[in-house]
Amino acid sequence: MAKLHPSELRGRFAALPRMARGLVPLGLGALAALGHEDWGMQFVAVMVALVLALLIVPSHRRAAAWFGWFLGFGYFALTLRWLVEPFLVDPVRHGWMAPFAIFFMAGGLALFWALAFWATRWIAHERISVMLWLPVTLAVVELARGHFLSGFPWGLLSYTLVGGVGDIWFAWVGPYGTNLLLFLLAGGVAFCLHKGWTLVWPALVGVLFATLGLHALTPKSAVPNSQSVVRIVQPNAPQHQKWDREWMPVFFDRAIELTGVGAAPDVVIWPETSIPALLDYAQPWMEQMSLAARGAPVVAGIQRREGENYFNSAILIDQPESATAISDKAHLVPFGEYIPLAWLLEPIGLGTLVEQVAGFSPGVGDGLMQIDGLGLARVLICYEGIFPEDMQRGEVRPDVLLILTNDAWFGKGAGPRQHLVQAQARAIEQGLPVVRAANTGISAIIDPSGRITDSLPLNEAGYLDAAVPRAIAPTLYAKMGDWPLFVLLSLCMLVGIVRRTPILIDGDGSQV
């Protein structure tokens, strides 16, 4: 078979009908999204999609922006397909909104990619320059996506590396820095193919050896933090029944039974909102939990009220009478727990919407909780676990990251697994073990290298007894955060703007 040169590939793409030219990047985006599936070829799917996109991106800015939008739409629509699940909890009332939710979410996030492709073609005219600048602009918009308004960094392409040899980069440069390295690697492969060089394979081998070198330089720990046994309780309460008054006692009694079965543990962890009462009225429930735990401290998710404000919280119960420690969720879910920019909606008559949805207030504090038998834990409630910067609140380093979540909202497929992968990334980035308690799963113990040492399957009720691995020394990313990357990308974009800006010449020939 004759070899197809990249210029011929571009020619064939340009010759396609307009509709087909939209389907190509849409398909490439979907191919990249397969990197989040556990099928053994994740890295290949991502690299093929990115390299082909780099080789055929159109020359004109407007066409490049549309190309980037279709690429992003295909990627986010498939990656975030679990977003339809919350609307199917009550399909009669909300099911009709599911397709609109996925369309507008995928389409909105794809605008970031459209901006990256437009900016690349604004800065770079030559094909070779595109292969350098597009990785930079994509890294910039993905960093912006993780922080714009309240941020939504779910589905970063770098997460496709977690669980493989490349996940060590998270310990050194974090998820956004790993994004940049992944994009640059694709740009380098595209550059070699464009030039007809065969050095692409030795270069990939060099990257592999560099990655293995980082593995050798990074400390590891599989030693238990203590001899204490932590019990994770997974009640498996489906979302459509979780708040049903007839079912709430059933799920609570199930969790009580799982807490009290077998040998007594040293610590018991229940998932998010697992106590079916506000904290003010929860004493009878807490007494049952304390009795079932047989003297062990219990950490559990609950909702609480303080004046006019409501909080999604975690409490520590080490005596039946009261909660001895409280940690409130600080990073709330937009449109689920609060309305972004609500002050703009009220003057235009949407105050009722704000009142209906904006039911929670953000907590304050560093989220730290001292738990006998577990140590100093940073408590993260569900959505908070997807933000790498939230791991660095406060000046004291914890011994463990404790994630309480209710993934029943995410359905039975991609959502819970993607959420678990992000918990693995947090472990690698910080060099800390993770204890993850999920209502419907996947509950797990994760070591500081991101490896799952023990877990409970998805959509099964049960409990998990395990010792928690010891933390390792703080990683480079834990010490530095994203500031070096922010400075680097800012300087790159400044160079790009200066490079693009024409030099004005005054009448006497001097530069202005």
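Predicted model: local features only at pLDDT ≥ 70, side-chain atom pairs only at ≥ 80, totals over all residues.
Six strands form an open sheet, and their order across it is β6-β7-β8-β9-β10-β11, with mixed pairing. At the edges stand β6 and β11, the latter covering residues 452-455, and each of these has a single partner strand, so one side of each is left without a neighbour in the sheet. From one strand to the next, the twist averages 25 degrees. For those of you new to this, strands of a sheet pair through backbone hydrogen bonds, and they may do so in either a parallel or an antiparallel way.

Both kinds can be seen around β7. Strand β6, residues 368-371, runs antiparallel to β7 and is joined to it by four bridges, and within this pair Leu368 stands opposite Arg378 of β7. These two strands make a hairpin with three residues between them, and in that turn Gly373 has a positive phi of about 90 degrees. On the other hand, β7 pairs with β8, residues 400-405, in the parallel sense over five bridges, and here Val379 stands opposite Leu402 in β8.

Is strand β7 enclosed or open to the outside? Buried means under 20% relative accessible area, and seven of the seven residues of β7, residues 375-381, are buried, so the strand is largely enclosed by the rest of the structure.

Turning to β10, residues 444-446, we find three bridges that join this strand to β11, and the two run antiparallel, with Ile446 opposite Ile452 in β11.

Helix α15 lies across β8, β9, β10 and β11, and the helix runs at about 160 degrees to β9, which spans residues 434-438. Glu429 belongs to this helix, whose residues are 414-430, and Glu429 is buried, with a relative accessible area of 0%. Leaving aside neighbours within four places in sequence, Glu429 has contacts that include Phe170, Pro388 and Tyr477.

Finally, please look at the surface, where Leu34, Trp39, Met41, Phe43, Val44 and Val48 form a nonpolar patch with about 500 Å² of accessible area together. One of these, Trp39, is found in the loop between α2 (18-33) and α3 (42-56), and Trp39 is partly exposed, with a relative accessible area of 43%.

Notes. Residues numbered from 1 in each chain as written. Heavy atoms only, no water. Buried < 20%, exposed > 50% of the residue type's maximum accessible area, 1.4 Å probe, protein only. Pairing = 2+ DSSP bridges. Contact = heavy atoms within 4.5 Å. Patch = residues over 30% accessible without salt bridge, like charges linked within 9 Å, V, L, I, M, F, W, Y side chains within 5 Å. Areas by Shrake-Rupley, 256 points an atom, 1.4 Å probe, with all protein chains shown as cover. Salt bridge = Lys/Arg side-chain N within 4 Å of Asp/Glu carboxyl O. Axes fitted to C-alpha atoms, helices over the stretch in contact; angles between N-to-C directions.
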